[in-house]
Amino acid sequence: MRDNEWLYRGRLGRLVEELIVPNLYGATHDLELSAWLVPDEPVPFAEALAQPYQPFRVGTEWGRGWSTLWLHITGAVPAEWAATPNPYEIVVDLGFHKQLDGGQAEGLAFRPDGSVIKGIEPFNNYLPVEDPARIDIYLEAAANPVLAAGGSWHPTPFSSKYTVPDEQLYVLRRLDLAQRNVEVWELGQDIEVLAGLVEELPPDLPRRAEIVVALNAAMDAIDPRDVAGTAGLARAALAGVLSRPANASAHRVLATGHAHIDSAWLWPVRETVRKCARTFANVIALSEEHPDLVFACSSAQQYAWVKAGYPQLWERLKAKVAEGRFVPVGGMWVESDTNMPGSEALARQFVLGKAFFLREFGFEPLDVWLPDSFGYSGALPQVAAAAGSKWFLTQKMSWNETNVLPHHTFWWEGIDGTRLFTHLPPVDTYSSRLAANELARAERQYAEQGHGTISLVPFGYGDGGGGPTREMVAKAHRTADLEGSPRVRIGTPAEFFAAAEAELPDPGTWSGEMYLENHRGTYTSQLRTKQGNRRSEHLLRAAELWATTAAVRSGLAYPVEELRACWETVLLQQFHDILPGSSIAWVHREAEANYERVAGVLDGIIGRSLAALTGAGQTRLAVNSAPVQLAGVGPFTVAAPAAPGSGTVQVAADGAGWVIDTGVLRVVVDGDGLLPSVVHLPSGRELVAGGRRFGLLQVHNDRPSAYEAWDIDAHIDRSVTDLVTAESVRLVTREPHLAEVEVVRRIGDSTITTRLGLAAGSPAIDLDLDIDWHEQRRLLKLAFPTSIFTDRAASEIQFGHIHRPTYVNTSWDAARYETCAHRWVQVAEPGLGFAVANDSTYGHDIRREHAGGRAPGTTVRLSLIRGPLFPDPQTDQGRHRLRVSAVCGADIEAAIIAGQRLNQPVREVLGGGPVEPIVTASAPGVVVEAVKLAEDGSGDVVVRLYESLGSRTSGRLTAGFGYAGVARTDLLERQLGPDPVELAGPPGAVALDLRPFEILTLRFRGVHG
């Protein structure tokens, strides 16, 4: 008769809890402790070493939120322990919450010379004894507060350093010297692997019953009075079932050590620096115990922090990289968001990231490693390939709320047709413990079964770091060849991708963006952070443009270090919990201050460069830093301001409102400050849907089911208030070339002032919004219900645009109810388009409407501002300014120009004279994205451009300087192929021939003015 599994489970649970865990350690010995409390922010080791330490005892409360306590640990191993075969170590319990693997107290141990020993984490809480006769260790203990326990996330005073309660969060529960009962520990690992496997095997399988019998026999062998002495007998009872080889058809798992370390999230950036040191030290220590351990680590920024702050640890890390045991992956500066970063910023993630890895290690990652970013732009395959990458890994798509991607290993095709070999680990986590249920899930869910046999499993504690542990390595060893389990082998991501490519030469293809059906609120949360990013990206482009022009034309020194530092700051803050607005208040207030600093530096570079170019003088000059003509000034040109056109704006009273005629538009502004009619005069078309009004502000109750700052749930549309009533509507500007109407509205404690502007001869309705926002858990949207009937909408993304359906036919369409766009969106019928541009907004929803039986149309809505309470309880509170422009009759090219006008506006300076453009593109749809000097300091000029309209194009790029030669390069400015780009007349012109959305980087050598 089969053993009773119900009784077995209860018995086994008690055995582990009552006998195994309490006997992992035997004899213990107290150590001497003293402590110094850091008065404010963390200090370097040398400063901590010089402080006065006071006696401290186990059982003492410690740790106001975000504080640091240094512990000095001294003592010696008792002489009588020399005769025991048991190894010993120092065991530390800082007061850990055992239900959490991170996001709480942590520590880092140092030798007296300042070198790092290893980190202390909730499930990695031991230190080696290097000198039994003299234990002398300094432990930096961080009182990081618990912000996200149990899945119920509520407003927290720990979001900001300045609202932390004056209370101690932790108790030092344990810090002593202890002998390890290694055989008991090994038994615990045997039991965990086999007991987990039992739960995954079918109930009627003989293998399951066999393991239950063996586990019962092991329990029979244990003497509760001598667990350490009888653990070997219990292990012998399990040896047979552990030795059974895996099935011939078992799934193969390539396990790679991993520690997803958020560069900021529920902790500030400064704490991430320490998290990196703790994790890297733990990995290096573990790799010295287990020669087969391989650890994959992304984010050049995190390596740079360790290099700057922990030089001895850095040298050990470099040695492990050289051994192939510590493997840089991803090739990016950080694991960034990929929806919102601009074109050049996404490219620079790879330029700076790969340059760091090549410079420091002579190693170039060929994979893109983004396990946790919130969806993936359709531009990313081409950007990654242009940086020399060929593989892509993510896990986040398993978070889809509605639909499941049909592949786990597949080609991902971008908007230009570039493909990356992609893997979505079917284990559905980037922080596996290599538990039996995880391995079984990877095998069960693997979509390519029958065609492929291998998947990758990243294992190690993550989010807050920590990494792999000796328990995880033990599981990997036990499941290397175990009946009923996938075969597990520790290896590198490159080994996995090579094996997967070999067995799947022609996998399925996913085309376009990988839209995450989750975390849609990240397109909108933390408006100031998003505005800082957008402003910084455009200032960086302008600063590089004018600094390059000044270096070539005037010999002004190119500000390499200033620009690099600005880029590093902006790229760091595009991390996937900073730019998306899902970090604590501390992170976002710091980010906003950093953006202000970056703006000051870049404005200074622009000012100095323009002064060198224009020369001394008091002539008013218009500076166009955009790649398109604006305000009558050509791209990349400094010229006299253009005179106003001959047209005028006609304004006539109409009841409580006005009719405003710009010569291109006839707009009715009613007494509510809304626009019931907008006629596009060249076509004669009414653009407002029947019975609707443009410029409608709508407020939704915004209480997501799960993650506040992250999510906008579909149910918001069932609770909406239209802001129709205005406190005041005034015609505030009535000039020959401009009419402006100011509308003031109130909702709750908030005031929204909108200035509607219409200029002579312009197809645009400009909205300047001044929002004093004091609403929480509410979402403000701006609506344009158009009469345009279309089945798709265009949204700008990096290096092009993407089309998304406006209808809802499938569950995929229904789930895509909030989307990301950069500077513009556009809808069109044949012959007539309508675009909405912005200077601050990323979140949009664009849907077909059949309102009240009227003719169908398309409503374009922008998500302007939110007010989630977690993790920052003051998210978006206060004053904001943002601009929107509704452009009537706009095709894609007009939408691009509108986006540039709002984001890279013409600025005025005083100087001596005009400046001709450094480069000129003469090809339909070609946009010059960046003009800069080469990264290697050679003085070569690098120009990056792309085709923006989604069609093939040809033409020329003309350089406004002399040069000896030109080559096509990758993003890292390495020449592609031996042949130079064909030259075509006139002199200095380069022939262009681009496919839809193609990116082209050109490097001009031997440059002279």
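A: Glu973 is buried because its relative accessible area is 5%, where buried means under 20%, exposed over 50% and partly exposed in between (1.4 Å probe, protein chains only). This is a predicted model, in which local features need pLDDT of at least 70 and side-chain atom pairs count only at pLDDT 80 or more, while totals for chains, interfaces and linings use all residues. Residues are numbered from 1 along each chain as its sequence is written, and side-chain values use heavy atoms, with hydrogens and water left out.

Glu973 belongs to the loop between strand 50 (965-969) and strand 51 (983-984); helices (H or I, at least four residues) and strands (E, at least two) are DSSP runs numbered from the N terminus. The side chains of Glu973 and Lys932 are joined by a polar contact of 2.6 Å (N or O atoms within 3.5 Å; within protein, one able to donate a hydrogen and the other to accept it, and residues adjacent in sequence counting only if both atoms are side-chain atoms). Apart from neighbours within four places in sequence, Glu973 is in contact with Lys932, Ala934, Glu935, Val942 and Arg1003 (heavy atoms within 4.5 Å).

The structure holds 38 aromatic pairs. One of them, Phe45 with Tyr138, is edge-to-face, at 5.7 Å centre to centre and 85° between the planes. This pair links distant parts of the chain, since Phe45 lies in helix 2 (residues 45-49) and Tyr138 in strand 10 (residues 135-142), 93 residues apart. Both Phe45 and Tyr138 are buried. The pair Phe357 and Phe361 is stacked, because the ring centres are 6.3 Å apart and the planes stand at 20°; rings of Phe, Tyr and Trp (its six-membered ring) pair if their centres lie within 6.5 Å, with planes under 30 degrees apart stacked, over 60 edge-to-face and the rest tilted. Phe357 and Phe361 both lie in helix 9 (residues 343-361), four residues apart, about one turn of the helix. Phe357 is buried, with a relative accessible area of 0%, and Phe361 is buried at 16%. Both belong to one aromatic cluster, whose members also include Phe280, Tyr303 and Trp333.

Finally, the strand pairing: strand 32 (residues 728-735) and strand 33 (residues 738-747) run antiparallel, joined by seven bridges (strands pair if DSSP finds at least two bridges). Two residues separate strand 32 from strand 33 in this hairpin, and Thr733 stands opposite Glu740 in strand 33.
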